[in-house]
Amino acid sequence: GRTCFALHVRGDSMEGAGIREGDIAIIAGQSTAENGDIVVAMVDEAVTLKRFFLEKNRVQLRAENPAYPPIYTQNLRVLGKLAHLIRSYE
């Protein structure tokens, strides 16, 4: 199978997709993405979890929270795609 890794979600930028701070995101490692995929991407040495959209000559990484503007970049590396979400119930 594919390599997976876990990411501890920080912040509320993806809460519209049901992803909350403190969740554990299980990411399937891959270097490509389709439009609308929720991906982990490296942008300027920062790792971010956002929705991926390929535009004509750039990529838009869109938050699922209107408080956060989209990130537009030509310099990113897709690390993987969201596969599972684990939430602790306390």
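Which residue in β5 is the bridge partner of Phe-53? The points below come to that pairing in its place.

1. This is a predicted model. The secondary structure of the protein chain consists of seven strands and zero helices, so that the pattern along the sequence reads β-β-β-β-β-β-β.

2. On overall dimensions, a compact globule of 90 residues would have a radius of gyration near 12 Å, and the 13 Å of the protein chain agrees with this. Along the principal axes, the C-alpha atoms fill a box of roughly 45 × 35 × 20 Å.

3. Of the 90 residues in the protein chain, 33% are buried. Among contacts with a separation of 6 or more, 53% are between residues 24 or more positions apart.

4. Strand β3 (residues 38-43) runs antiparallel to strand β4 (residues 46-54), and six bridges join them. Val-40 has Leu-49 in β4 as its bridge partner. The hairpin of β3 and β4 has two residues between the strands, and Asp-44 takes a positive phi near 50 degrees there.

5. β4 also pairs with strand β5 (residues 59-62), in the antiparallel sense and over four bridges. These two strands form a hairpin with four residues between them. To return to the opening question, the bridge partner of Phe-53 in β5 is Gln-60.

Key: Residues are numbered from 1 along each chain as its sequence is written. This is a predicted model: local features need pLDDT of at least 70, side-chain atom pairs count only at pLDDT 80 or more; totals for chains, interfaces and linings use all residues. Side-chain values use heavy atoms; hydrogens and water are left out. The radius of gyration is taken over C-alpha atoms; the globule rule is 2.2 Å times the number of residues to the power 0.38. Buried means under 20% relative accessible area, exposed over 50%, partly exposed in between (1.4 Å probe, protein chains only). Contact means heavy atoms within 4.5 Å. Two strands pair if DSSP finds at least two bridges between them.
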